[in-house]
Amino acid sequence: MRILINGRTVDQDFIERVEEISGQNIKQCMQCGTCSASCPMEEGMDMSPRKVMHLTQMGLREYVESANTVWICASCHTCEARCPRGVDLPRVMEAIRLLTLRKNKDAVDPNQLEAAVIDEAPQVAMVGCFRKLTA
Amino acid sequence: MKVSYYPGCTLKTKARNLEDTALAALAALGFELEELPRWNCCGAVTSLAQDDLLHMLAPVRDLIRAKEQGSDKLVTICSMCYNTLARANLVMRDDAVKRDALNHFMDEEPDYAGEVEVVHLLNFIRDEVGWDKLRASVKRPLTGLRVAPYYGCTLVRPAEVAIEPAVEATVFEKFIEALGAEVVDNPGAFDCCGSYQILSNPKQALGAAADVLSKAEVVGADMLALSCPLCDYNLGKRQKELVADHGLKTQLPTIYFTQLLAVALGLEPAICHFELNHEGTRSLLEDRKLIPVSAV
């Protein structure tokens, strides 16, 4: 993927809002990739957590927001436990999710769940999923 | 010491096998917990945003109910509830700005500052019963049963609410050992089962679940012991799909740690509600003569 980076492509507002909502200093990330190597969901992501951190550092909002990464993250906190720079990645993922959800855009439609799944799935799964992925 | 009990939504319905066995086993061990009056859903997941205090209200209200009961401790069994309540409690104890905002917003409630300690049942058994007393209370030792402990995420992460530090944790292992079973060193004990993504991205979640089960399978576990209804759903109830689509070789029954406890204490098998488990759980225990063969 070729990405043009210059003064005009940096969305400073995106960087600031992610840092504000997450409470994290995203510049602390040194791109070691421990998060991606530890992530149980990385296989299904079209952009690894490390890359999301990198593009967020550069304020490339459109690339980050069009990736499925934050919507596949299960908030398992493995990356947070292992990050050698002390970045709480699940909070960064949550901040990026919220920037979309707060425009009243859902990432999952409860009506699309199969009846058999609703019958069997525990309440913690449904409440957790809808809390994380709907506006 | 007064101890309150927070059941949570799932334990009252789809995970009766978790609650009924826990309460019966605790009664057999001489503990009666007082269920919170008017408890509400804890929210299942913690809000990770600095500016989202609204989602802290539900767990904090539950904590206030425990304080009103005059309790020092609030025991939970479901791993998700434990995590959500324990993290909300830390915010109320340690973050003065958020605490003041939440207390001010809930002006109809008494102020709360993290006075109640949130305790997971495994730690409660470790600290209040103790391994020696537990071992002495066992009537039907689970001899020969190879059990892999599965902590999952929410009992051990983030570190500030871990029931014991991840990787070095031994509480689950010591519990299984006290019941007379053989502890299997489980390399996937702290891995994620895919969590709530089972509803939104089932393919990826089932992939994560398959990894967890494969790791326990490789080390020769007969059963995977867990404490979370969501883990049990992904790893147990959805396991058939894993065998079909994710290269899992054999079935691996899952069981709640409280069910193992109820069996070992020789309690009435009917309270175990094995019909709510993975289909292989009951038959494996029957084959090992740990529970009587049920009439079909």
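**Close-up views of chains A and B**

**View 1. The contact between chain A and chain B.** The contact takes 39 residues from chain B and 36 residues from chain A, two residues being in contact if their C-beta atoms, placed from the backbone, lie within 7 Å. On the side of chain B that touches chain A, α8, α9 and α10 of chain B each supply at least two residues, and the largest share, five residues, comes from α9(B). By class, the residues on this side of chain B divide into 21 nonpolar, 11 polar and seven charged, where Ala, Val, Leu, Ile, Met, Phe, Trp, Tyr, Cys and Pro count as nonpolar, Asp, Glu, Lys and Arg as charged, and the others, Gly among them, as polar. This is a predicted model, in which local features need pLDDT of at least 70 and side-chain atom pairs count only at pLDDT 80 or more, whereas totals for chains, interfaces and linings use all residues. Residues are numbered from 1 along each chain as its sequence is written, while chains are lettered from A and ligands numbered from 1 in the order in which they are written.

**View 2. Helix α9 of chain B and its surroundings.** Helices (H or I, at least four residues) and strands (E, at least two) are DSSP runs, numbered from the N terminus. At 1.5 Å a residue, the 17 residues of α9(B), residues 202–218, should span 24 Å, which agrees with the 24 Å between its end C-alpha atoms; the expected span is 1.5 Å times one less than the number of residues. Among the buried residues of α9(B) are B:L206, B:V212 and B:L213, a residue being buried if 20 or more other C-beta atoms lie within 10 Å of its own, exposed if 12 or fewer, and partly exposed in between, with C-beta atoms placed from the backbone. The elements that cover the buried residues of α9(B) include α5 (69–72) of chain A, together with α10 (229–237) and α11 (239–245) of chain B. After α9(B) comes B:G220, whose phi is positive, near 80°.

**View 3. The open sheet of chain B.** Four strands form an open sheet in the order β2-β1-β3-β4 (chain B), with parallel pairing; two strands pair if DSSP finds at least two bridges between them. At the edges stand β2 (34–35) and β4 (117–120) of chain B, each with a single partner strand, so one side of each is left without a neighbour in the sheet. Strand β1 (residues 3–6) of chain B is joined to strand β3 (residues 73–76) of chain B by four bridges, and B:Y6 has B:T76 as its bridge partner in β3(B).

**View 4. B:V183 in strand β6 of chain B.** B:V183, which lies in strand β6 (residues 182–183) of chain B, is partly exposed, with 19 other C-beta atoms within 10 Å. Not counting residues up to four places away in sequence, B:V183 touches B:V147, B:P149, B:E173, B:I176 and B:E177. The C-alpha atoms of B:V183 and B:P149 are separated by 7.5 Å, although these residues are 34 residues apart along the chain.

View 5. Most residues other than glycine have a negative phi, and most peptide bonds are trans. A:Q31, in the loop between α1 (12–22) and α2 (34–38) of chain A, is not a glycine but has a positive phi of about 65°. A:N104, in the loop between α7 (89–101) and α8 (115–120) of chain A, also has a positive phi of about 65° without being a glycine, and A:N104 is exposed, with 8 other C-beta atoms within 10 Å. In chain B, the peptide bond from B:R157 to B:P158 is cis, with omega near -5°.
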